[in-house]
Amino acid sequence: MSRVGPLIRYLPWAVTLPLAALGYVVSPWISLLALILFGLGVQDLLQTQQAVRRNYPLTGRLRYALESIRPEIRQYFIESDDDKLPFSRHQRAMVYARSKEQNDKRGFGTIKDYYQQDAQWLAHSMHPVQTDTKNLRVWVGGPDCKQPYSMSVFNISAMSFGSLSANAIQALNKGAAKGAFAHDTGEGSMSKYHRQHGGDLVWQIASGYFGCRTADGRFDPERFEEQARDPQVKLIEIKISQGAKPGHGGMLPAAKVSAEIAQARGVPMGADCISPASHSAFTTPIELMAFIAQLRALSKGKPIGLKMCIGQVREWFAVVKAMLETKTTPDFIVIDGAEGGTGAAPIEFADHMGMPMRDGLRLVHNTLVGAGLRAQIRLGASGKDPFSL
Ligand SMILES: Cc1cc2nc3c(=O)[nH]c(=O)nc-3n(C[C@H](O)[C@H](O)[C@H](O)COP(=O)(O)O)c2cc1C
């Protein structure tokens with residue numbers, strides 16, 4: 001029995017041979033099918049890459065077949081309507097219905113359990129006011145800004161040309177133009193695809209200074225001035241860190257650096273396109289304020305902001321101290337959550353680094369209020385917070 005047991009795993013494969021012989025009596029097609037299965041089993045036995053297939057010829061394939069449809073099985077049969085991350089089935093259904101102008105109302109009240117742990121709710125007022133939903137905009141621009149911008153409260157987060165295709169960039173920018181909101185270029189700078197539909201742009205500048213760099217990858221003020229003058233550029237954002245990979249920087253492999261990407265970024269083709277982990281234009285908070293002042297002057301007073309995920313809290317406090325000391329402030333700060341998305345990031349960084357959006361936003365808001373700076377700095381937030389809808 002001890003010898004027979006392990007051999008049973010070969011049985012489904014072994015029966016294909018007699019089946020090929022006997023099946024011929026019924027139909028040659030059965031024989032052919034059995035022979036194909038036999039061949040597949042031989043292939044499983046000879047290959048050395050997958051232990052399951054080698055140990056269980058033919059039946060081992062079922063494991064890989066089932067694994068390949070695991071996401072669909074979960075989504076269609078197992079996932080509950082309220083399971084999140086990033087959006088639940090209910091939330092998606094509501095967005096689909098609204099985009100098609102179908103009925104998005106529900107009778108008989110909620111089906112959520114309001115008494116479960118972590119249930120969330122909003123406190124209403126006895127005197128609700130009607131919001132002008134056609135005009136959900138705020139002015140961005142502190143005391144030193146010469147070209148303040150009336151910004152929609154919903155905008156498109158930074159996603160570079162390179163991590164997104166030309167078609168995706170065009171679609172996002174067309175959407176921005178139609179919906180009168182702003183489209184953040186991401187650190188890959190501006191390409192011709194950002195300009196075809198004329199949607200408002202937030203030009204992001206990260207540690208690689210793409211679109212405004214010298215040949216050795218440092219900040220180039222002249223190139224910056226040229227690009228920043230473009231009327232389509234409404235705001236300029238210095239990326240300090242990104243929630244999905246704070247402190248990591250990034251790399252677009254040489255194989256992905258097409259001629260168009262190389263042109264937009266101002267980098268050579270055939271070489272990996274590197275974003276270093278930190279900036280070379282400044283190293284201290286005081287120097288960061290000087291850089292903000294420099295960009296403001298070069299852009300003729302356009303709003304200059306920061307994008308960051310909070311890490312070491314004392315470093316953020318040092319930035320606020322530098323604002324008070326230099327009397328230079330950014331016009332806006334976007335707080336990105338550790339839960340935020342990315343084109344690519346090491347899993348260790350995505351899963352373990354940085355402060356989540358809600359905690360970061362609360363910290364930054366409270367510090368700025370305490371420092372008396374909140375009124376002149378607009379705050380934005382990004383991060384796929386599963387409770388945000
Ligand atoms: C494909 C992709 C590319 C991204 N590229 C950038 C980038 O170039 N610069 C940046 O600051 N953030 C980048 N991000 C992060 C987003 O801007 C944003 O911080 C994150 O997705 C969370 O925000 P959300 O809730 O708006 O998605 C990227 C995200 C994705 C999914």
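A: Start with burial: buried means under 20% relative accessible area, exposed means over 50%, and partly exposed lies in between, with a 1.4 Å probe and protein chains only. This model is predicted, so local features need pLDDT of at least 70, side-chain atom pairs need 80 or more, and totals for chains, interfaces and linings use all residues. Numbering runs from 1 along each chain as its sequence is written, and side-chain values use heavy atoms, without hydrogens or water.

The part to look at is the salt bridges. In such a pair, a side-chain nitrogen of Lys or Arg is within 4 Å of a carboxyl oxygen of Asp or Glu. How many salt bridges does the structure hold? It holds 14.

Begin with D44. Its salt bridge partner is R61, and the closest N and O atoms of the two are 2.9 Å apart. The pair ties together parts that are 17 residues apart in sequence, because D44 sits in helix α4 (residues 28–46) and R61 in helix α6. Helices are DSSP runs of H or I with at least four residues, strands are runs of E with at least two, and both are numbered from the N terminus.

Is D44 buried or exposed? D44 has 0% relative accessibility, so it counts as buried. R61 reaches 26%, and therefore counts as partly exposed. The pair also belongs to a network: salt bridges link D44, R53 and R61.

Now move to K239. It forms a salt bridge with E187, and here the closest N and O atoms are 2.6 Å apart. K239 lies in strand β5 (residues 233–239), while E187 lies in the loop between β3 (183–184) and α10 (192–195), so this pair ties together parts that are 52 residues apart in sequence. K239 counts as buried, because its relative accessibility is 10%. E187 is buried as well, with a relative accessible area of 14%.

The next pair sits within one helix. The side chains of E226 and R223 meet in a salt bridge, with 2.9 Å from N to O. Why are they separated by about one helical turn? Because they are 3 residues apart in helix α11 (residues 221–228). R223 has a relative accessible area of 31%, so it is partly exposed.

Which residues are closest to the ligand? They are S157, A158, S160, K307 and D336, out of 20 residues that surround it. A residue counts here if one of its heavy atoms lies within 4 Å.

Look at K307. An N or O atom of the K307 side chain is 2.8 Å from an oxygen atom of the ligand. The backbone takes part too. A polar backbone atom of A158 is 2.6 Å from a ligand oxygen. For G383, a polar backbone atom is 3.0 Å from a ligand oxygen. How much of the ligand's area does the protein cover? The protein covers 80% of the 610 Å² of accessible area that the ligand has on its own. Such areas come from the Shrake-Rupley method with a 1.4 Å probe; for residues, only the protein chains shown count as cover.

Notes: A polar contact is a pair of N or O atoms within 3.5 Å; within protein, one must be able to donate a hydrogen and the other to accept it, and residues adjacent in sequence count only if both atoms are side-chain atoms.
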